[in-house]
Amino acid sequence: MSNLRQAFTLIELLVVIAIIAILASILFPVFARAKEAAKKATCLVHMRQIGVSFALYMGDSDDLLPDARGLKATFGDGYRPWTSWPPSDPRCGWATALLKPYTKSDDIWFCPSSKTVFDGVTQATQLTTAGKVASTYWMWRFDQIGDPITTDNLWGKSEVQAIADLQASAGPTIPFPTGVSEIAMVWDPYFPRTIPTTPAAVRGKAVHVGGVNILYLDWHAKFNKDRRVN
């Protein structure tokens, strides 16, 4: 009986490597999509927790939304409207400080995908005075600090007044709301490719593929598809 062992031939080895490469090319995108879906779900959980903190604040404040224009002007790196897009400053670091008594963790102010997509993008990140990231979310209804308060901003307003004012402001960029469930409060950062002033480096980008997570004034959050982003 021969003591020689049967080994793989070079061709057999190459076939095995080719099969592994094909399987990897099929499975890696699946794993990437699953990972992104998990991050998107985590982001929605964070938004819902922000909604709870807002609701608790309003319960202690005569059912009024906060008027923290002074805090917004001075928090962290301050109020910084841009000449490109967005034309104001929807960052919401101020809310992390104001609502801290109602939040259990600072982690709720971060989308898990934001660092990967918008790392170093000033418009998508609110910094503290110590240079740390305070929040990666936007609040368009709290993006101005002037006086009087514009109808598209909700500083210090009740839900009833918020509905009435946004109905008066309705137009191409502000949908006509019929109730609090249609009033958006918190957004993931996004940069529409349809707006000419959007910086070229981020044009068409969003934190999540194909759309944006949004928290509404009845404190439900959902993913909204948006054709203006990739």
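Student: What should I know before reading the values?

Tutor: The model is predicted, so local features need pLDDT of at least 70 and side-chain atom pairs count only at pLDDT 80 or more, while totals for chains, interfaces and linings use all residues. Residues are numbered from 1 along each chain as its sequence is written, and side-chain values use heavy atoms, leaving out hydrogens and water.

Student: How many helices and strands does the protein have?

Tutor: Helices (H or I, at least four residues) and strands (E, at least two) are DSSP runs, numbered from the N terminus. Here there are five helices and five strands, in the sequence pattern α-α-α-α-β-β-α-β-β-β.

Student: What radius of gyration does the protein have?

Tutor: The radius is taken over C-alpha atoms, and the globule rule is 2.2 Å times the number of residues to the power 0.38. A compact globule of 230 residues would come near 17 Å, but this protein has 23 Å. Its C-alpha atoms fill a box of roughly 95 × 40 × 40 Å along the principal axes.

Student: Is Ile19 buried or partly exposed?

Tutor: Buried means under 20% relative accessible area, exposed over 50%, and partly exposed in between (1.4 Å probe, protein chains only). Ile19 has 46%, so it is partly exposed. Its place is in helix α1, residues 10-59. Across the protein, buried residues make up 40% of the 230 residues.

Student: What share of contacts joins residues at least 24 apart?

Tutor: Contact means heavy atoms within 4.5 Å. Among contacts between residues at least 6 apart in sequence, the share is 64%.
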